[in-house]
Amino acid sequence: MAQDSSNSNSTITTVQGQQHAPSDLATLRSRIDSLDESLVALLNERASISVNIGLAKQKAATVGGLPADDHIHRPSREKQIYDRLETLNHGPLPTPAIQSIFREVMSASISLQRTTTIAFLGPRGTYTHQVAYARFGDSVQYVAQGTIDEVFDAVESRRVTYGVVPFENSKFGSVVQTLDRFCAGASAPSVQIRAEHYLAVSHALLVNRGTGKSQIKRVYSHPQAFGQCQAYIARNLRGVEQVNVASTARAAELAAGEEGAAAICSSACAGLFGLEVADEAIEDAKDNTTRFFIIGDTSDSPSADDRTLVSFTVDHRQAGALCDALAVLKEHGINLTKIDSRPSGQRPWHFFFFIEMTGHMATADVASAIEGLKAHCLDVRVLGSYPSQRPKADNGGL
Ligand SMILES: O=C(O)C(=O)C[C@]1(C(=O)O)C=C[C@@H](O)C=C1
């Protein structure tokens with residue numbers, strides 16, 4: 001509703017295009033009261049339908065020979081809803097405002113259907129925490145974990161419903177703890193990627209109150225954050241001891257207990273840990289972005305635009321083994337959106353390769369490409385399929 005209360009001759013235009021004469025405050029507020037009444041009734045009607053959706057999912061999960069898929073959180077459906085809201089919205093509320101209102105509507109809807117717990121790389125104040133909150137809202141329960149491994153453990157042991165882990169940064173590359181966990185063990189982990197999330201990341205240098213930058217003796221952070229701020233560190237923290245810790249918020253927690261210590265983390269940690277901001281936006285690349293994964297026991301069903309992450313090993317004694325494996329994907333017309341490798345840890349110069357491709361593992365073209373890949377690899381692990389959330393301006397392949 002657009003309004004101009006400063007001018008008594010102006011009008012208020014409702015979404016339906018009705019024109020209202022500007023009235024006194026009491027009349028306007030009574031109109032808001034009546035709209036709130038309708039909103040509450042509509043939200044509850046929506047919530048009742050959602051409860052029935054939950055019951056239908058449980059029923060579907062217990063009949064037929066198909067694998068149970070009674071997941072409440074459905075990234076593919078949520079993407080459809082958010083995209084539709086963008087089309088439906090004609091303002092004056094900006095679409096991100098509408099979408100965050102619906103984030104809370106769906107958060108409440110999820111927790112009405114079932115108690116949902118989310119493990120994230122903690123403590124509170126990490127970027128992973130921000131992502132967990134952006135994806136799941138206020139109505140679910142959060143459980144901070146000390147390390148990325150512990151997030152995987154919590155999901156694998158089903159102590160929590162879902163987990164959130166960082167995967168890769170636009171400047172500093174893959175988060176090796178996450179890649180290593182995906183390929184640890186003799187068989188694939190019993191978790192699957194359900195969703196991806198891109199977060200614009202801006203770091204701050206936090207210090208204890210009253211500490212000047214020249215008094216800093218030690219700086220704590222996660223290796224990724226150090227990697228994303230190399231130019232700033234070279235210019236401003238020469239000779240200062242750098243200490244790697246499990247997360248950026250853990251860095252803030254440690255710095256808060258130590259004279260002459262600082263942390264590189266989100267500026268939100270200042271309030272959480274009683275520190276003050278010495279410098280903001282210290283990342284080297286101004287479009288610094290980190291991609292996160294939401295993991296659970298299975299992937300979601302296909303959406304209109306999915307990605308699939310696979311890891312594999314090849315026999316290095318065989319000339320062209322990696323090339324042959326990748327050629328299979330070309331033969332199947334599959335586009336690659338990421339390729340990476342990690343030492344397998346099994347023997348020197350033996351690697352796990354990671355490829356991300358367009359499409360969902362449950363569709364015929366991706367499924368047959370993965371089958372074809374198996375013929376050229378020692379070990380193929382499908383780590384999950386998820387709706388693509390890559391910002392539209394950068395949606396191409398490699
Ligand atoms: O459509 C579903 O599967 C639902 O559970 C409903 C609903 C919603 O509130 O719209 C809730 C949670 C899901 O993540 C997606 C949608």
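Reply: Helices (H or I, at least four residues) and strands (E, at least two) are DSSP runs, numbered from the N terminus. This is a predicted model, where local features need pLDDT of at least 70, side-chain atom pairs count only at pLDDT 80 or more, and totals for chains, interfaces and linings use all residues. Residues are numbered from 1 along each chain as its sequence is written.

Me: What makes up residues 310-387, in helix and strand?

Reply: Over that stretch the chain is 28% helix and 37% strand, with the end C-alpha atoms 15 Å apart. The unreviewed UniProt entry places "domain: ACT" at residues 310-387; UniProt positions are given in the numbering used here, feature names are shortened, and annotations may be inferred rather than shown by experiment.

Me: Why is Glu156 called partly exposed?

Reply: A residue is buried if 20 or more other C-beta atoms (placed from the backbone) lie within 10 Å of its own, exposed if 12 or fewer, and partly exposed in between. Glu156 has 16 of them within 10 Å, so it is partly exposed. Its place is in helix α5.

Me: How do you know that strand β11 is largely enclosed by the rest of the structure?

Reply: Five of the five residues of β11 (residues 261-265) are buried, so that's the conclusion. Ala261, Ala263 and Cys265 point one way, while Ala262 and Ile264 point the other way. In a regular strand, side chains alternate between the two faces of the sheet.

Me: What makes β8 and β11 a pair?

Reply: Two strands pair if DSSP finds at least two bridges between them. Four bridges join β8 (residues 204-207) to β11, and the two run antiparallel; Leu205 stands opposite Ile264. Strand β9 (residues 218-221) has three bridges to β11, running parallel, and there Arg218 has Ala261 as its bridge partner.

Me: What is called a nonpolar core, and how many residues has the largest?

Reply: A nonpolar core is a set of buried Ala, Val, Leu, Ile, Met, Phe, Trp, Tyr and Cys residues joined through C-beta atoms within 7 Å. The largest has 53 residues, and Ile118, Phe120 and Val165 are among those with the most contacts inside it. Helix α5 (residues 148-156) gives the largest share of this core, five residues. Apart from it lies another core, of 27 residues, including Leu205 and Ala246.
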